[in-house]
Structure formats: structure tokens, C-alpha cells
Amino acid sequence: MQASLHLEIDSIVGEVDPRLYGSFLEHLGRAVYGGIYEPEHTSADEDGFRGDVLELVKELNVPIVRYPGGNFVSGYNWEDGIGPRESRPRRLDLAWRTLEPNWVGTNEFMMWCQKANTAPMMAVNLGTKGIDEARDILEYCNHPSGTYWSDLRRSHGYEAPHNVKLWCLGNEMDGPWQIGAKTATEYGRLAAETAKVMKWVDPSIELVACGSSGRTMPTFVAWEEEVLTHTYDHVEYVSLHTYYGNSDNNLPLFLAQSTQMDRFIEEVVAICDYVKAKKRGKKDIHLSFDEWNVWFHSSQSDSNLPSWGIGTPFLEDVYTLEDAMVVGCMLISLLKHADRVKIACLAQLVNVIAPIMTQNLGAAWRQTIFWPFLHASQFGRGRVLRAKVESPTYNVGELSDVPYLEAVATLDDAGDNLTLFAVNRHLSENLDLQAQLGGLKGFVLKEHLVLQHSDPKATNTAANPNNVVPRAGGKSQVEDGKLSATLEPLSWNVLRLERQK
Ligand code: AHR
């Protein structure tokens, strides 16, 4: 099979906002308790945070982490998680039917963010709460001093404000599973008023309104239109969430799903622009893809887990090479839309549908999906070049013209390093790629990383953590502004080119 690609150095989609490589940590399963926080672990620091997990998070270089949920936030009393630990209440978390001991709360999360070299993206509860709790937590976090909430923070040992710049106005408020779910009118009005008041407390913050919780929701499109009509003047972003699965074991269909992510993004952009025009507005609303991943492995087995535990192992998907390919395609989809997608959060970070897994009191390791995310976060910075891709295609289910080649290229800010990310969706055939690199004469190949395995269902486990790892030495060469590469069946490829000095 053959495919071609054409790039021009000055034809740019957009700048990559570093927040495209964000992640998400919810009070759910073993994400917090047994994930980032386990005081009894041998690697735990003086604050109870696992050092081995911190090292892996730092390796991923995530600029933001969304917290504390997710569905959890819609029933959360943030006041339960501040002040002396011994007087914090235990609560029923109705979103996941677990016990929330409140050992970790807002201040501990801020402390962890500092240690992990990341910044918080906080969500406020617009399920059971509203304007009042949103302005209170913002005052607690961001106001310097001299008020009830800011002085309370100082009395808890945090003299300096946390200065949280990015806030989500609730979570998936259209979903019937959400505590305090709302109609678009109810949510749109509440989100607009909450946003207005939050910006009166701190005008420097940025806000994300909830879009539909998925493209397949019956209210999708009408929800976005109405919510943005209410909130257009007050928010900077609208959220998108998507999870793909392969419960029917139809791999060609599973691999094709990211083409639907492209459509989803383009549809939401169209709605944002429609509302802008309707409002005679000046600003663009950007997209915050603040939950995305593969999620299906654990769905069945989770129903057998007991309710009302602490750190119950919910949503512990063990990822395969196939899943890593889909995650790679989703990353490419996000990059291809870097002009409008400014924020994205891989959901989630540790143990819960996550690139990092841990054993209680034991090891921490990298799942298969860790690798494409790491590569994109490491090398996919700067700007995205517009790529003209010609590839053989296939039809599957209701999807037609799915290209075997999924690819995107980025050029760093200095213009010296070009990275091409490419997935070959074909299950058994090589894809021979010829790429024209317009204006990129003098670039040479630095390395060609490949993530591939003879068994598409291969996983990484505590016993075999390096079963699926990338290797250097993919077959490719660059000559006179032309790149030729062989992309192996079902492989993720990172071709790194640099300008010859
Ligand atoms: O990430 C897991 C859950 O998926 C989140 O809590 C929710 O927002 C979404 O439905």
C-alpha cells in the first residue's frame, strides 16, 4: 500500500497550546487514594504523595490537570476537604457509590500540582450547588487576604493564593447520570450567572462551559447552541468529551473512531461560530476537549465491585497495543484542530482509565497508551503544519473512506525540528509513505520511533511492564526535501527531522 503527504513550511494550521497535553484526576477509584496519594507507600513523601507516580507524571509533562471531577464534582462539598484532616467528614459519593474520606482536598491537590510541575484546572459543583459555592472556592483559592475565605486559607497554612486560572462550570450537566442534571436553559442561565460572578471575584480567570457530554447525546447541537447563547459573553471555552471502545471486537471499526472525533470538533466549531455571528460577537469561543480516551475494558467487571469502599478499583482498563493506536489517532485529531482546540485532558491520569497504573503499596508502571501521549507531549509542540494526505481508504460499519494513514506534522518554535506523527491503521500490510517537505530542504532524519507488537492485544503489567515499548530504527530516509518511510501494520510512528547545522 502506498500513501503520500505534502507539507509546506509556511502553511500552518495553528500554534499548539501546551494545554493540549493536559490530563484529569478525579476522586474516583484509585486515582487519588492508591494513585497519587498513599502515605504508607515506600516512595511516599512527607505529604503522603507517591514519589514513583510523581516521577511518571513529570515524565509526561502535563501542563494542566483537571480536578476534582468528573461526575464526582456534582455532589462535592469542597469545604469538606479543607482544614485539619482529623475533622474532615466522610461522605457518601453518589456519583461512584464510594466513601469519600476527604484526606485529599483543594490544598493538597495544589501542593501536588507544584510537585508534579503542573497547574490546576478546577471544576465547580453546578449539580447540587451554584453561584455561592463557586464564588467561595474562588475567593478561597485566589483572593490574597483580608476576607473570610482568603483568611481561612491562610489559617490553613497557605499564605499565598493558589491563583487558579482555569475553571470548569460544572461537568456533563446534560447527562441523566449527573447529580443535579439540567436542561440547556437551566444550565445555560446558571452557568452564565456563575461565570459573571466568578469574574467579579477574579477577572483574570478563564472559564469553560459544559458542552454535551458526547456527540451521541440526543441534545447535542441544540444544547451547545442554547448554552453558548446564554454564556457567550462570559466564557472562553466550551467542553467536549469522548470515549471510544471496542466491546464488539471489531478492530477496523475501533481504529476508525477518531474520524468521528474530527467531525465532532468541526461541528462544535461551527456552532461556536454560529453563536458568535448571531451575537455579532468579536471573540471566538475555543474548545476544551477535557475528557478523551479509550474506555471499555472495565465496564462489565466494574458492576461486580462493592459499593461504599474507599479506593475501590473502578475503571481500571488494562490497555492493549490496539488501544494505543486509537489514542495515537485521537492525539493526531486534536493536533489537526490546534487552531480551535486549546485545551485537552486525557481522562484520566493514574489507575482510572489511565496511562499510569499502580499496585497498592507496590509498583507503578506505564500502560501502552502512555507512549503515544508521551511522544506527542514531548515532540508535538510549536505549530501544526497543514498536511495534504492521500491514502487508500476502507469502509466499515457506517463509516466510509477511512484513511489507512492518519498523520500530522509539527514544527518547533525555532523552526529547527519537524516531527511527523503517523498511524498505519492496516492490520496486515505495510504502508509506504512518500512525503514532500516544501520549504524544508536541509532537514535530516534524527530518529524514527515505532510502537508496534506482534500481538495486537499485548499489554503492560506489573509483572511485564516493558512488553509494549517504543523502539528506534523505523525504516525511513530523508533526501532533498523528500521523506520516504515504511509504516508497519498497526503501528504508531514518530519521525523526527532536524535542520542540518
Ligand atoms: O472519566 C470518567 C467519567 O466519565 C467522568 O467522571 C465523567 O465526567 C465522564 O462521564
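Modeller: Start with the lining. β9 gives the largest share of the lining of the largest pocket, with four residues. This strand spans 237–244, and both β9 and α8 (258–278) supply at least two lining residues each. Keep in mind that the model is predicted.

Next, the space itself. The volume of the largest pocket is about 570 Å³. It is lined by 27 residues, and closest to its centre are Ser 213, Gly 214, His 241, Thr 242 and Tyr 243. By class, the lining holds 12 nonpolar, 11 polar and four charged residues.

Now the contents. The ligand sits in this largest pocket. Around the ligand are 13 residues, of which Glu 26, Asn 71, Glu 172, Tyr 243 and Glu 291 come nearest. That shell divides into six nonpolar, four polar and three charged residues.

A polar atom of the Tyr 243 side chain lies 2.8 Å from a ligand oxygen. For Glu 291, a polar side-chain atom is 2.7 Å from an oxygen of the ligand. For Asn 171, the distance between a side-chain N or O atom and a ligand oxygen is 3.0 Å. As for cover, the ligand on its own has 280 Å² of accessible area, and the protein covers 96% of that.

Terms used
Residues numbered from 1 in each chain as written. Predicted model: local features only at pLDDT ≥ 70, side-chain atom pairs only at ≥ 80, totals over all residues. Heavy atoms only, no water. Near = heavy atom within 4 Å. Polar contact = N/O pair within 3.5 Å; in protein donor to acceptor, adjacent residues only side chain to side chain. Areas by Shrake-Rupley, 256 points an atom, 1.4 Å probe, with all protein chains shown as cover. 1 Å grid on protein atoms, 1.4 Å probe; cavity = no way out; pocket = protein on both sides within 12 Å on 5 of 7 lines; lining within 4 Å. Sits in = over half its atoms within 2 Å of the grid points. Nonpolar A, V, L, I, M, F, W, Y, C, P; charged D, E, K, R; others polar. Points joined across faces, edges and corners; volume = space filled by probe spheres on them.
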